[in-house]
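Me: Got a structure open here. Can you walk me through it?

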Amino acid sequence: MEFGINTGARGIMSTRDAYMRIGQLAERSGYDFVSVSDHVIVPDRLDSTYPYSEGGKWETAAKDGFCFDVLSTLIFLSGCTEKLKLLSSVLVVPYRPPVLTAKMLSTADVLSEGRIILGIGAGWLEEEFIALETQPYDKRGKVTDEYIEAFKVLWSEAKPRYKGDHVDIEALLFAPKPHGGRSIPVWVGGESNPALRRTARLGDAWYPGSRNPKHRLDTPERLKAGVEKLAAIAEKEGRDPSTIEVAYVYFHPVSFKAEAGFDTSRAMMTGSAEEMADDVRALAEAGVKHLNLTFPAGS
């Protein structure tokens with residue numbers, strides 16, 4: 001199993017020194033990847049429902065609107081580290097024009113020598129879509145699918161051509177391609193049926209989060225049920241489920257003091273080292289290959 005450190009690009013991570021220290025410490029400590037979250041701006045009035053809290057309120061960045069750009073931060077981290085993989089967690093695909101985004105990602109992948117992982121999502125914050133003048137919010141699922149398809153064409157074809165409802169690419173020369181002739185891995189975030197179908201069609205991995213109240217995946221048993229559901233959808237889509245890896249971002253803070261879970265006496269990744277090791281083994285049995293952990297702190 002690969003292990004990562006989940007960061008939000010704000011708060012205590014809002015300095016050059018913080019990201020340099022976290023990236024280099026993660027690498028020295030044997031972690032495999034570091035992830036960076038994505039928001040561009042925060043409207044001063046939020047009516048959208050945040051999918052990862054019990055009450056639907058998003059408190060993290062809403063206080064002051066501070067958030068680093070995810071792609072700029074990943075490129076910065078690539079210059080501070082040598083081996084650490086760099087994950088967007090997750091890039092809201094419709095926020096940025098497809099050709100420009102594909103170029104930024106391929107540039108980052110070349111400069112990092114093949115260390116970029118593209119975690120993707122369709123987004124949830126309608127006010128941010130409006131402020132960024134994106135494609136229509138209610139078309140975001142289709143837009144996300146087409147943009148990902150366009151990325152793959154741009155990264156692989158000598159003379160890329162792609163025609164969709166929201167993307168029209170022709171008569172382009174696109175270079176550099178990603179490092180070493182590879183295609184940047186796509187981890188599809190989300191827990192809903194559309195996210196599972198997107199994973200089956202376009203993803204190298206499914207990348208759900210643990211704390212969506214509508215699709216709670218905060219125990220190995222619940223996550224395993226989700227993996228089984230993905231397998232059934234993949235088969236319907238004509239995809240071999242064994243070709244899809246499972247990555248998982250666990251939002252509950254790691255703690256060496258046992259803490260209660262939503263409906264369990266002990267949340268995963270809390271308690272003793274032995275209990276945490278048992279959690280990791282149970283997640284591995286559920287199919288997890290990449291485990292992204294959260295370590296919030298005051299400094």
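**Contacts, fold and rings**

Me: Start with contacts. Of those between residues at least 6 apart in sequence, what share joins residues at least 24 apart?
Reply: 68% of them, in the protein as a whole. Keep in mind that this is a predicted model.

Me: How many helices and strands in the protein?
Reply: Eight helices and ten strands. The radius of gyration is 19 Å, close to the 19 Å from the globule rule for 299 residues, so the protein is as compact as a globular protein of that length.

Me: And what does the C-alpha trace span along its principal axes?
Reply: About 60 × 45 × 40 Å.

Me: What percentage of the residues count as buried?
Reply: 49% of the 299 residues. The protein exposes about 14,200 Å². Carbon and sulfur atoms supply 52% of that area.

Me: Charges next. How far apart are the mean positions of the positive and negative ones?
Reply: 2 Å. The protein has 36 positive and 42 negative charges.

Me: Switching to rings. How many aromatic pairs does the structure hold?
Reply: Twelve. One of the pairs is Phe33 with Trp187, with ring centres 5.8 Å apart. Their planes sit at 90 degrees, over the 60 needed, so the pair is edge-to-face.

Me: Where in the chain are Phe33 and Trp187?
Reply: Phe33 is in strand β2 and Trp187 is in strand β7, residues 186–189. They are 154 residues apart, so to speak a link between distant parts of the chain.

Me: Are Phe33 and Trp187 buried or exposed?
Reply: Both Phe33 and Trp187 are buried.

Me: Which residues do ring pairs link into a cluster?
Reply: Tyr50, Tyr52, Trp124 and Phe251.

Me: Now Pro51. Where is Pro51 placed?
Reply: In the loop between β2 (33–36) and α2 (70–80).

Me: What does Pro51 touch, leaving out residues up to four places away in sequence?
Reply: Trp124, Arg211, Asn212 and Pro213. Trp124 also belongs to the ring cluster.

Me: How far apart are Pro51 and Trp124 in sequence and in space?
Reply: 73 residues in sequence, and 7.6 Å in space, C-alpha to C-alpha.

Me: Why does Pro51 count as partly exposed?
Reply: Because its relative accessible area is 24%. Buried would need under 20%, and exposed over 50%.

Key. Residues numbered from 1 in each chain as written. Predicted model: local features only at pLDDT ≥ 70, side-chain atom pairs only at ≥ 80, totals over all residues. Heavy atoms only, no water. Helix = DSSP H or I, 4+ residues; strand = E, 2+ residues; numbered from the N terminus. Buried < 20%, exposed > 50% of the residue type's maximum accessible area, 1.4 Å probe, protein only. Contact = heavy atoms within 4.5 Å. Rg over C-alpha atoms; globule rule 2.2 N^0.38 Å. Areas by Shrake-Rupley, 256 points an atom, 1.4 Å probe, with all protein chains shown as cover. Lys, Arg positive; Asp, Glu negative; His and termini not counted. Charge placed at Lys NZ, Arg CZ, Asp CG, Glu CD. Phe/Tyr/Trp six-rings, centres within 6.5 Å; stacked < 30°, edge-to-face > 60°.
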